[in-house]
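Good morning, and thank you for coming. Please look at the sequence and the structure on the screen, and I shall then guide you through selected parts.

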Amino acid sequence: MAITKSQRRSYARNALLGTAAVVLLALAVWIMLYQNQARKVVDWLLDRPIPVAVPGLERTSAWKTDQEAFHAMEAALYGAFMNLQVTPDQIRDTAPRTATATGRWRPLERRIIVSGTYSLTECNLEIARAVVRAGGKVSRAEERTRSGELMLDITFDDDVTHRLNITRDPAIQRKTGRLAVVIAYTDGDQRAVVEGLSDFTRPLTFALFPWADGVNEMAAELTRGDHEVMALLPVQPASDAAGLPRRRSVSPTHSELTNRRVVEDALATLPGAQGVLRYPAGRTENEAEVLAPVLDELAKRNLYYLDNPGGAGGPGASAGSANAGGPGGPGGGGPEDRDGESGRLRAWGVLDPLYNPVIISMNLDRASLSALDDTRAVVIADARLHTLQVLMDRMRYLEIRGIEFVRVSDLVDN
């Protein structure tokens, strides 16, 4: 019995030692073949801190191309989001744009919520238009029928820069605003440009110099469509810097009767005028006193007066409104209303103080945003080719943004 028990203990010990040897041998082979995995197991067991390697991206031409592509698409999407009235709180980045170990970039994933007023088709077309104009394309456009989500992949040179997930929210209200565009005809060389706009599909207001040659024929041609005309009334600053005939200018050096007769003559010469535009921009001495006969004469005829602040609009000179223009009112320091008269407007500003298409487009964007905030605005532009080309190119996209183009008299009537 003792010998049998001893033999059993010997067998068990040998089996245990053999098993341990096999396990150790297998562990040694695994460690030799898979050092990284073994190190990770040990680090996990010991809870060791692991240094994270930051990939060093060499700023090669490929890297710069990736960066430029991403920023070009970001700028394009920003313009599309602005037209779709997407505010920052309606945008959420769900996955950041990160670099891979190879130096390439994973696309930015973004969730966007738009007003339920916009259809997914409108969102798709607006984003695609903006992206294509910037040199990219929409490489994937899919719609989920149950959830009503639109998924877009934005690609530049075959690299996906953005993945967008767009949903509609009926609770988000779409803002609307009315914008009146005044085209000032001050130079005989601009006549061909003005006459070419008689068939323009959107309503415009033309400010014509009443005493220009053939102005009544031009006014008749322009008003056959949905346009209107107004008289461009010289309101001369004290320095007479504009070089206009004094006898046809409202001036602080004239008597009240003379200034009244200037207005009467201007309106009689251009009987189709719906109002007057002050020209040029600037202030006069004794402003309220000088303008008193002008406003009185316009009120008798139920016509409007449009003040010209000059330059592009800014804080305090955004949208004009009827009964605006008091020193502390929304007119931003214009002449004070007399007895609360209606029919007085202050323009947002001039679209082309600098004759540059980029500046003109930027100012038109700013004016449209002001119209959305204040429900209406008036802008002034000279009858020059670049200005009108920007208007023709941008108007249809601003209508997607919520802008309705109207005549100046439409703002006064409402």
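**Overall picture and selected details**

Let me begin with contacts, meaning heavy atoms within 4.5 Å. Of the contacts in the protein with a separation of 6 or more, 68% are between residues 24 or more positions apart. This is a predicted model, in which local features need pLDDT of at least 70 and side-chain atom pairs count only at pLDDT 80 or more, whereas totals for chains, interfaces and linings use all residues. Residues are numbered from 1 along each chain as its sequence is written, and side-chain values use heavy atoms, with hydrogens and water left out.

The protein has eleven helices and 14 strands. These are DSSP runs numbered from the N terminus: helices are H or I with at least four residues, and strands are E with at least two. Of the 414 residues, 43% are buried. Buried means under 20% relative accessible area, exposed over 50%, and partly exposed in between, with a 1.4 Å probe and protein chains only.

Consider now strand β7, residues 205-208. Which way do its side chains point? T205 and A207 point one way, F206 and L208 the other, and all are buried. In a regular strand the side chains alternate between the two faces of the sheet. Two strands pair if DSSP finds at least two bridges between them. Strand β7 pairs in the parallel sense with β6, residues 177-185, over four bridges, and Y185 stands opposite L208. Four bridges also join β7 to β8, residues 228-234, again in parallel; there, A231 is the bridge partner of L208. From β7 the chain crosses through helix α6, residues 215-222, to β8, and this β-α-β crossover is right-handed. That term applies if, with the strands pointing away from the viewer, the path from the first strand over the helix to the second runs clockwise.

Next, helix α9, residues 357-374. How far apart are its end C-alpha atoms? They are 25 Å apart, which agrees with the 26 Å that 18 residues should span at 1.5 Å a residue; the expected span is 1.5 Å times one less than the number of residues. The buried residues of α9 include I360, L364 and A371, and among the elements covering its buried residues are β6, β13 (376-382) and α10 (385-401). At the N-terminal end, N356 caps α9, with a side-chain oxygen 2.8 Å from the backbone nitrogen of V358. Just after α9, T375 takes a positive phi of about 75°.

Finally, two further residues have a positive phi without being glycine. Q85, with phi about 60°, lies in the loop between α3 (61-83) and β1 (91-95). D158, with phi near 70°, is found in the loop between β4 (150-156) and β5 (159-169). Are they buried or exposed? Q85 counts as buried because its relative accessibility is 14%, whereas D158 counts as exposed because its value is 66%.

Definitions and conventions. A polar contact is a pair of N or O atoms within 3.5 Å; within protein, one must be able to donate a hydrogen and the other to accept it, and residues adjacent in sequence count only if both atoms are side-chain atoms.
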